[in-house]
Amino acid sequence: MSEPTAAAAPAGSGTRPAVLVLALSLGVTTLSLLQSLVVPSLGRIEDQLGISAGAAGWVLTANLLAAAVLTPVLGRLGDLKGERPVILGILAVVSLGTVLAIVTTSLPVLLTARVLQGASYGLFPLSISVLRRELPEGRLSVAMSVVSSTLAVGGVAGLVATGLLTGDGGDYRHPFWIGLGVALLSLALTAWLLPARPVAGTGRVDWWGAIVLGAGLVLLLLPVSQGHTWGWASPATLGCLAGAVAVLAGWVVLQRRTPHPLVRPAMLADRRTIVPNLAGLMTGVALFASFLAVLQYVQSPPEVTGYGFGAGVLEAAVVYLLPGGVLGILVAPFAGRVVTRFGALPTLAAGALSGVAGFGVLVGLRAEPAWVIVAGVLTQLSVTVAYAALPALVVDAVEEEETGVANAVNSIARSTGQALGSTLAVTLIAGSLDPATGLPRAIAFTLVALIGLGASAVVVVVALLGLRADRRSGAGHRRDPLTDVEQATAGAGEWSPVSGTR
């Protein structure tokens, strides 16, 4: 980025590290809280709005799609306008979206609200940029770890809050009040505490690139979610898929011809960045395949379906998902150290093997509650380790001046994978309803688990191929060991750029 690094930050800037970290942490908590609030309550949304499971799934997918498109755009705005006004703008938009989610009983308005909430994904990379500039190097590592760890804290808090406030028959809108409160508090603290600094970035935002990318992703995911209704060989399905290929290909051409592209296309074809990008895409798929499969399965009434445990929303969130979330919080600070000691690719492969094992348990041993809990723990561990290894892989793959571009691509890959995983899971579950019960057949959960297993297996293969290629080329680390900044953020399980400009 064009801004000075933390090492160059003026010692007498007057920044109070503790309160600055508090304000930024609260903003990042808003991100993960709003993402996870709707996961346990998709069934309630379906019932209250009178919509299909496939349509309810778009409440999650729309948010992830918006994140994939908006994150690099907001990062670029942060470069050009400064982090303070962009962060304040994001929090204002997120608050507005959350108010809409609370007051509406309309699916289109709810989807609009979720798109607005998707802007929250820009808060984390912008917060990282603020810390790098404002804090002295001696305090930076701890601050980065604290802010990054709130990604996991917010996710766990969202799951538990939804269980408590929605219960077995509560309104799905109630948990959004917590999200609104956190967003408004974060907005007030940020306005009070975040200093304004001169902006040195130049150029412009690639708005057309963002619009075309969003159109291509919608055309890709729409037939995946509606294929069982339209017919997989119907003109609508095939037309959308063909349109997605054409639009995304046109997006690449557009990026090549744009002076300040949203994403530099050369990054997409570089072997060194293909590994973390493909791994990020597949990890995103596995993450939401696990969430949705476990939640839907454990809430199914066994006396009607012959499977499931008849769990309520609270039990599903606390008993079956919370253990994996807590483990993620505990493991994240140590994962970066493992990456530093053993290397990113071996760590990524080991974490993905945990995902293979977890989804294998869901395929063959899900008849007992204890095994489903074990499966959730293993799959969450896989995601935590992957998100610790991916940043180090990206940083090690490119020259320093390309770090921002490479991480922008990886951010899009992760968000797109999450959107694809949620869409596939919802589509398979919704497409296997038994007319006699109105509930999914057991085979749906086997298929979703197999998708997660396959995605995790792809990550294992990609990591091993990357190791093999490195050994053949004799390539060690192309750069110096990770800086304290990158170790801290990788150790917390996530690292992301502000934009593709550095």
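Author: A salt bridge is a side-chain nitrogen of Lys or Arg within 4 Å of a carboxyl oxygen of Asp or Glu. The structure discussed here is a predicted model.

Reader: How many salt bridges does this rule give?

Author: One joins the side chains of Arg 44 and Asp 47, and Arg 173 forms another with Asp 171. By the rule above, the count comes to two.

Reader: How many residues apart are Arg 44 and Asp 47 in helix H2?

Author: The side chains of this pair meet at 3.9 Å, N to O. Arg 44 and Asp 47 are separated by about one helical turn because, in helix H2 (residues 42-49), their spacing is three residues.

Reader: Is Asp 171 buried or exposed?

Author: The closest N and O atoms of Arg 173 and Asp 171 are 2.8 Å apart. Arg 173, at 19% relative accessibility, counts as buried. Buried means under 20% relative accessible area; Asp 171 has 17%, and is therefore buried.

Reader: Are H4 and H5 roughly parallel or roughly antiparallel to each other?

Author: The axes of helix H4 (residues 83-103) and helix H5 (residues 107-117) come within 8 Å. They cross at roughly 155°, and the crossing is left-handed. Angles over 145 degrees count as roughly antiparallel. H4 and H5 are therefore roughly antiparallel.

Reader: In which helix is Leu 314?

Author: Leu 314 makes a nonpolar surface patch of about 320 Å² with Leu 164, Leu 165 and Ile 178. Leu 314 is partly exposed, at 33% relative accessible area. Its place is in helix H14.

Notes. Residues numbered from 1 in each chain as written. Predicted model: local features only at pLDDT ≥ 70, side-chain atom pairs only at ≥ 80, totals over all residues. Heavy atoms only, no water. Patch = residues over 30% accessible without salt bridge, like charges linked within 9 Å, V, L, I, M, F, W, Y side chains within 5 Å. Areas by Shrake-Rupley, 256 points an atom, 1.4 Å probe, with all protein chains shown as cover. Helix = DSSP H or I, 4+ residues; strand = E, 2+ residues; numbered from the N terminus. Buried < 20%, exposed > 50% of the residue type's maximum accessible area, 1.4 Å probe, protein only. Axes fitted to C-alpha atoms, helices over the stretch in contact; angles between N-to-C directions. Parallel < 35°, antiparallel > 145°, perpendicular 65-115°, else oblique. Left-handed = near helix turned anticlockwise from the far one by under 90°.
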